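Look at the model below before reading on.

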Amino acid sequence: MNFFFYIIVLRLVRFALGSIHPIEISGSHFYNSVTGEPFFIKGVDYQPDGSSGFTGESDPLSNPQTCARDIIMFQELGINTIRIYSINPELNHSKCMTMLAMAGIYLLLDVNSPLQNQHINRYEPWTTYNTIYLEHVFTLVQEFSQYNNTLGFFAGNEIINDHKSSENSPVYVKQVVTDIKNYIESNCVRDIPVGYSAADDLRYRVSLSKYLECESPGDSQMKSVDFYGVNSYQWCGQQTLETSGYDELIKAYRNFTKPVFFSEYGCNRVLPRQFQESEVLYSPVMAEVFSGGLVYEFTQEANNYGLVKIDPHGNAQILNDFKTLKARFMAIEDSLKQQSFKEDLNAPPLCQPQYTNLDINVDTPKKLAKILVEKGVSPTTGGYCDMDSKDTETKYKIYDSDGSLWDTSKGIRFINGLTDETVQNDPKSKGKGEDKVVRKNSAIMLSIPINSLICWITVTILIPLNLFC
Ligand SMILES: *[C@@H]1O[C@H](CO)[C@@H](O)[C@H](O)[C@H]1NC(C)=O
Ligand SMILES: *[C@@H]1O[C@H](CO)[C@@H](O)[C@H](O)[C@H]1NC(C)=O
Ligand SMILES: *[C@@H]1O[C@H](CO)[C@@H](O)[C@H](O)[C@H]1NC(C)=O
């Protein structure tokens, strides 16, 4: 037999401790908790298949292959945060979260999903606010609290969006915020911020933000949000601060004592999108009040907001909006570095007896979460893991908007400190005439010919077991 003997070189990428720093809040801004630098959210909303396509069998962070594909594109786009609307906390997210962390990307996560027992019914919240729901929420919070790149949790998205929901739901939203904050305080290793993502409806714009922000000293039953997300689609096409109404948004949130940002933006009523507003959002006049935002949305769905189209085989096609947005993000890079602001550390306002267009005199079962908060939910698994370098490449193809193929052979760029270990599985091969091939610092050599692989298996597994030769 004339086998070639290979030494399999596994490049294990170890996610080094201390390599991604949690983001924390001080006053109305986000900061890197270690370097102290201000942090502006430059991101996209990310839910391939849309929220309604969510079945729970998989989620955007359960498949390392699609994560690798998309993170390569996130890096090219130049973002630092993604928002995900629906997650199944029972699935394994280790690899995707590790890759995001290695790529320097943070996660904002909604705790709800469209599935039964995983969200609050906005019209009859008392029918859905129960311990099964809370267990879902806490399991998700527990699972993602292990990761330094979890930036925050949204307790709700657009739950108050019409008259009936504004009568029944505001207190329930604040109750869920409170429950999550209590849960984190008692069970999690880190104090992860909890906020709400609001539909930008003028009837509730100011009043709901003030209600969710306010505190009642002595009443630990109702806690204030840590941040506030606004879903804003009012800058369409060619606009200015005044014609878009952004000046009014600035006024409305100027006094907010916590960070505010756009949890969705990117009007598509005028096509192609120009993303003028992206540059404005990070200019000094807005950056003083807003901590950046998330463009709706990464993948193309029926509603035509996508930056990237994924075909049924999982290959990606870059759309023109991706290019436009990328150019905008590159242009703001410098203005952000120069951004400075005076830190205000005003305490949140005291709660008022009433808020315009909201009914806040609704009773909630305040003790419902108590036992779960005290006991914690069943132990979760996960956490950052070691990765083969192969994992950070993608098997899918990415086509540029001009049809050319991206070179993805380098995989994800690691921007956070990693130790790169080369593990040689030396088969201690016997016999003469072996031809050792060692390719250091290359991807794992699984592309070696199949007969060599069989050979390797023979030498390392079968021979020691005396099953061969
Ligand atoms: C997470 O952040 C903490 C605090 O900065 C740090 O001590 C820890 O090493 C970090 N872990 C990782 C895996 O980055
Ligand atoms: C913000 O505070 C100023 C000064 O206290 C006040 O005049 C203004 O009405 C406040 N704005 C909002 C939206 O509450
Ligand atoms: C999750 O996946 C990682 C990486 O493959 C693995 O190390 C870890 O053991 C898995 N966790 C569970 C509970 O299966």
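Leaving aside neighbours within four places in sequence, Ile20 is in contact with Ala101, Asn148, Asn149 and Asn416; two residues are in contact if their C-beta atoms, placed from the backbone, lie within 7 Å. This is a predicted model, in which local features need pLDDT of at least 70 and side-chain atom pairs count only at pLDDT 80 or more, while totals for chains, interfaces and linings use all residues. Residues are numbered from 1 along each chain as its sequence is written, and chains are lettered from A and ligands numbered from 1 in the order in which they are written.

Where does Ile20 lie? Ile20 is in the loop between β1 (8–15) and β2 (23–26). Helices (H or I, at least four residues) and strands (E, at least two) are DSSP runs, numbered from the N terminus. Ile20 is buried, because 25 other C-beta atoms lie within 10 Å. A residue counts as buried with 20 or more other C-beta atoms within 10 Å of its own, as exposed with 12 or fewer, and as partly exposed in between. Ile20 and Ile105 are 85 residues apart along the chain, and their C-alpha atoms are separated by 9.2 Å.

Now turn to pairs of helices. Two packed helices are described by the angle between their axes and the distance between the axes. Axes are lines fitted to C-alpha atoms, for helices over the stretch in contact, and angles run from 0 to 180 degrees between N-to-C directions.

Helix α1 (residues 64–77) packs against helix α2 (residues 94–102) at an angle of about 15°, with the axes 9 Å apart. That makes α1 roughly parallel to α2; angles under 35 degrees count as roughly parallel, over 145 as roughly antiparallel, 65 to 115 as roughly perpendicular and the rest as oblique. On the α1 side the contact is made by Pro64, Cys67, Ala68 and Ile71, and on the α2 side by Lys95, Cys96, Met99 and Leu100.

Helix α3 (residues 131–144) and helix α5 (residues 170–187) have axes that come within 10 Å and cross at roughly 50°. That makes α3 oblique to α5. Leu134, Val137, Phe138, Val141 and Gln142 of α3 meet Asp179, Ile180, Tyr183, Ile184 and Asn187 of α5 in this contact.

Is α3 mostly covered or mostly uncovered? It is mostly covered, with 10 of the 14 residues of α3 buried. What covers the buried residues of α3 includes β7 (106–110), β8 (150–157), α5 and α12 (370–375).
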